[in-house]
Every structure is written in structure tokens, then in C-alpha cells.
Amino acid sequence: MMLTLVYGDREYRVETTGDGEARIDGETMRVKAQRDGSITIDGRTGWVARDADVIWVFWDGRAYEIQERRGSTRRRSQSHDGSLAAPMPATVRRILVGVGDAVARGDVLMILEAMKMELPVRAAAAGTVRALRCREGDLVQPGVPLVDVA
Amino acid sequence: MFKRVLIANRGEIAVRIARACRELGIESVAVYSDADVDALHVRVADRAVRIGPAAPAESYLSVAALMRAAEDSGADALHPGYGFLSERAALARACEEHGLTFVGPPADVIERMGSKIGARELMRTAGVPIVPGETPRDQSDAGIVAAARALGYPVLLKASAGGGGKGMRIATADEDAAALVDSARREAASAFGDGTLYAERLIVRPRHVEIQVFADAHGQVVHLFERECSLQRRHQKIVEESPSPALTPLLRTRMGEAAVAAARAAGYRNAGTIEFLLEGNGPDARFYFLEMNTRLQVEHPVTEAITGVDMVRAQLAVAAGEPLPWTQDQLSQRGHAIECRIYAEDPASGFLPQAGPLLLYREPSGPGIRVDAGVAEGDRVGVHYDPLLAKLVASGETREIARRRALAALETYPVLGIRTNVGFLSRLLRHPAFEQGALHTGVVDELLPELTADDEPPLAAIAAAAFASGRTHRVDVRSSNTSDIAGDPWTTLARWGR
């Protein structure tokens, strides 16, 4: 079975076989998935869990969020790709960028305030600000996109 | 000893206190808000009382709600944990009025130590070193510069009337001070309506080293050595250890004695912590009183690991009027312990707190590993409270053994479904600055770019993901009554029973 997995900007074509082999970039690995969510590959063990959109993988002490591109659709994901949302109900204190601005990964795009804390919203990747979906002073809800960077 | 203790807190510390109660044969009473109906601390306690809606002000921060819960459950003592109301004199006072024993210091001591200026004055009279500083009587430009020079540069100029960084200036020489006085004064006047300036020696790249103290009602005061807590983000500790790599035996003794003197001067009772700033290294290092925390600390397991005592048990005993279970001579520091705080937060986006389901959560175990957690697999982390999930404490004979143990444990600590700082902590503990113990309170900020650098997943992680897409590990996520998750498919799955 062929799968396309996406991590950040990179795509991986993975071929899996029924008897527990995976081939990526010309490399073949023996994979054993356990029922407890752990997966052993060539003697090393990691963990996986899946929710609707994201496959979470814990490998060598790091967690990765990997997406599967389904079927023939060319969209990278169903959600607003590159958009950033508040993790909790918060007030937009300051917006530091405008539409069209080029931003680097880690740049602070806006400052939210919640639980008496200032929370900087940072660009997850380099790109251009495509849209601002909130204004200073807005009360925003979790999961609602605030700014699109692509 | 008490019959029934109300635990006025939530999360890992409430679980920790409930455990101590069980060992002592005391019934534990948890309190919960509507967001915590199925929370771990509710599940482990002997009984539980609802205290209000999710908003902290109406539940965990409501003295009235806690008093009602204590009355309804027939509790004879209240343990405040840390955070929330633990350092509010009002709670201690309310307990007194309701005939409840407050597991902590007397209300007036909480009040005294809660005032920065009052505490500083008290320390000065007790002979405990404080950061040199004064509000110069002569507030003219020349008067301020003279005061700054007398303190020794660099000097921090700030508003005498308030804090929060308003009007704060760093002067490194006379010319600097003269040039900065005016703007500092103007900013202070506009922020606080009072342009009076305060000048303080700036401690450059200090370490944060604190001493655990314990006092009983019979005049006995001891210290349980230090904890080094220099690794902080947003002024909040993330890694703590003991012993501090910076203390010489002589300095340790002097700081311990100063902390005991401070606790005595404050009329202290129960567990408390004296926080110090440490300047310099080796025998020349100097320490200055920062503040006193009149409660149990998050990082108390570090002290438990190196001294072998149970601090919560001792807190309950002392609150019940028993003498301290140990004398100073019976206490010793053995080996090394490192605590890592596991937070639901995203280090790559400014440590933004995260909410979501714990699809998979497996704690590490093994020799020298302790995990104090407030969550379990299947729980949902909400948005209302501090995002601390758990504390991992690794101990061993030496710092290096403890460090490697902590690293090995972090690497077998999968938390999936929500972003956490687990990977960040691994990188931090692996960093040469940590390995060498070269710490100061700004070190995390300095290293942030390398500690949060994005890296490509190894191909094995991609292969693992490929197999996850076919074979899915699923857990039922416990729903909690928060509006933010309405409509989320996870919340409609079956609930787990208590």
C-alpha cells in the first residue's frame, strides 16, 4: 500500500506491506506494531496515536505531528493550513504584523492575553501573512484561526 | 492526627496530598470545579465535593466555597497545596474562624512575608543578606547618581511606588545614571503618579537557589538544604535540582543558617522556602534574600529524594501539633535529584499553553524515577488552569547519574494528542550548559533558538506513522464540562467511570 505522509513542508512516500515492512526513500524497515500503541522498528521502540487529522509519533524522545494526505486530493490538509489559533479563550492585545508582511519562523505575530498572561503567537514556519482574522481587543475562542501565514 | 483533610487544590499536588493522607489513615476530601468532574485528583480521593464552575475565581479561588465544602464534608483540616489560595492570609484566617486546622503557617506570618517591603525589612533586622538598594532621600539627579555609585554598578533604577518593570532602567556608570534618571522619573510618575525612584544593585546572571525550611509549634526550626531552580521560562521554573552545582559546603551551611534565622524571625511554622539570588561562583559567591514562599513548593520531591523524608506527611504532623519528625543533625543530603516539570505547552511558540486530549500517556519507571502526575491517559487537558501535567524526578548517586536517568526517562515518556515540553526538556538536559551545571536564570532564554529548532523526523518515525494509519490505538477520552470542546467527536465517546 502506498501512503503519502506530510511533516511540515516535506512529503514522504511510504510503501507498506502486509507482513510488516515499510519502504521510504529506498530504505526498508521491519515494523512491528503492538496493540498498546507502541511500535518497534529494527529494535527501537516508539509510540503512535491518531486523532482525526494527525498521527502523533513519539520517537527518540521527540513527539512529531504527521499528517496523511488522503486519496487524490491535492490539498495538504482539510484545516486552514498555516493558520494559527488561540489555545484558549483569550483577548487580542496587540497585532504586530500586517497582511503581506514576510515573517520568519518564530516571529511574534500577535500578543494574546489569557489567564493574566501575555501569550505571544509565533509563526510556525516562514511565510507571508495572507490574512488577519481578528482585531485588537477581540475576545477569541480556541481553535478559531487568528492569522494565516503561507 | 486529623480524621479528614480537605484538599483545596487540584492536579498533581492534590493527588500527592491524597496519597499522604491515605498512608496516614486520614480520609481525604477532594474539591472540584465543573471542569474537573472526572479529574484524577477527584478519582483518587476518598470523597469529593463540587465547589463551583470552571472559572477559578468561582471555585478554587473562592474561600467561601471551600469553607462550605469543609463544613459539608466534616473536614477537620485543610491543605492548600501550592498556587491558588495557598499564600492568601484570608484562607488561613477563614480556617481559623471555622475551627479548621490550616496546614501551613499562621495567617499573620503569610501576610508579613507576602509584603515585599515588609519581608525585606524583617530579613535586614534578622541579619539575612538582601539585595543592596534604597530609596535615596535626596531625589535630585545628583542625589540619585550618588546613591547608584555607592551601591556599585550596574544599578537598576525603578519606581519606588510600584513594580512590573515600569520606569525600570539599567545604569552601568555615572554618565548612564545621570542620563537615565529623567526618563525613569517621568515613566514612574506617569505609571504610578509618583516619580520617586528606587536604586538597586543589579545582580548579573544570578542563580536562583532556595532553601527548604521546616518549623514546628515547639520552637524547632530546621532546613532541608537547597534546591537550584535557575532554569526558568516566563519566570517560572522548569527544572530543579539538589544539590546545587554552585554551592561549596561552607556556602551551603551559611545559606542554611540564614534561612533558619529568617524563618525564626518570621515566627514561621510548617514547610516554607526562602528564595535567594546567588551571585558569582565558588567561595566568592554571595547570596541575597529574594522572597519567602509560605507553602509547599512544586519542587518539594527534589528535597524528598535527597533527604529521604516525606514532607507532606511532616506537614500534616506539624499542623496537628506534633514536633518535627527530625532534628537538624538527623538530616543529610544524599546523592542528587533532578526534577523536570512536564507541561502541556508548545516551546516553539513561546511556551503557549495547550489544551486537548491525552490520546496516549505513558509514564516512565525504574530505579531512581518518580512521577507525580495529575493526569492519566484518556484525560482531556482543559484551558482553565495551569498546564502542569506531571513532575518527573530522577535521582542517583551523582549529578551525572541523575541527569542520564532523567534523560532516559524523558525518552520513554510519550505524551501524544497534545503538545508538551518533553522533547524540549530532553534537549535542555543534553545541552553542555546543563551538563556542566553552568546555570543562571537567563540561560533558557539564551538557548531558546537551539532548544526549539525544528528537526526532521527520523525515517523510522515516518514508518511508525504509516503503520499507525492502518492500526490505530484508541482510548476513550474522558469528557470534561468545558465549552471549548463542544462538538468535538472525542467528547461524545463513552465516559470512563470513576
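Predicted model: local features only at pLDDT ≥ 70, side-chain atom pairs only at ≥ 80, totals over all residues.
The overall build of chain B comes first. Its secondary structure consists of 16 helices and 23 strands. The radius of gyration of chain B is 24 Å, close to the 23 Å that the globule rule gives for 498 residues, so chain B is as compact as a globular protein of that length. Along the principal axes, the C-alpha atoms of chain B occupy a box of roughly 75 × 60 × 50 Å. Within chain B, 60% of the 498 residues count as buried. When contacts between residues at least 6 apart in sequence are considered, 66% of them join residues at least 24 apart.

The size of an interface is often expressed as the accessible area lost when the parts come together. Here, chain B and chain A bury about 4,400 Å² between them, with 70% of that area on carbon and sulfur atoms. On the chain B side, Leu416(B), Leu459(B) and Phe467(B) lose the most area to chain A, together 14% of what that side buries. The contact draws on 50 residues from chain B and 51 residues from chain A.

Among the helices of chain B, α10 spans residues 300–307 and is mostly covered, with seven of its eight residues buried. The buried residues are His300(B), Pro301(B), Val302(B), Thr303(B), Glu304(B), Ile306(B) and Thr307(B). After α10(B) comes Gly308(B), which has a positive phi near 75°.

Most residues other than glycine have a negative phi, and most peptide bonds are trans. Two peptide bonds in chain B may be set against this background. The bond from Tyr153(B) to Pro154(B) is cis, with omega near -5°, and Pro154(B) lies in the loop between α7 (141–151) and β7 (155–159). The bond from Ser242(B) to Pro243(B) is cis, with omega near -5°; Pro243(B) is placed in the loop between β12 (236–242) and α9 (249–266).

Phe84(B) counts as partly exposed because its relative accessibility is 26%. For Arg205(B) phi is about 45°, and the residue belongs to the loop between β9 (197–201) and β10 (207–215). With a relative accessibility of 52%, Arg205(B) counts as exposed.

The last stop is Val155(B), which is found in strand β7. Val155(B) is buried, with a relative accessible area of 0%. What surrounds this residue? Leaving aside residues up to four places away in sequence, Val155(B) touches Ala148(B), Arg169(B), Ile170(B), Ala171(B), Ala199(B), Glu200(B) and Leu202(B). Val383(B), by contrast, is 228 residues from Val155(B) along the chain, and the C-alpha atoms of the two are separated by 40 Å.

Technical notes:
Residues numbered from 1 in each chain as written. Chains lettered and ligands numbered in written order. Heavy atoms only, no water. Helix = DSSP H or I, 4+ residues; strand = E, 2+ residues; numbered from the N terminus. Rg over C-alpha atoms; globule rule 2.2 N^0.38 Å. Buried < 20%, exposed > 50% of the residue type's maximum accessible area, 1.4 Å probe, protein only. Contact = heavy atoms within 4.5 Å. Buried area = accessible area lost by both parts, 1.4 Å probe.
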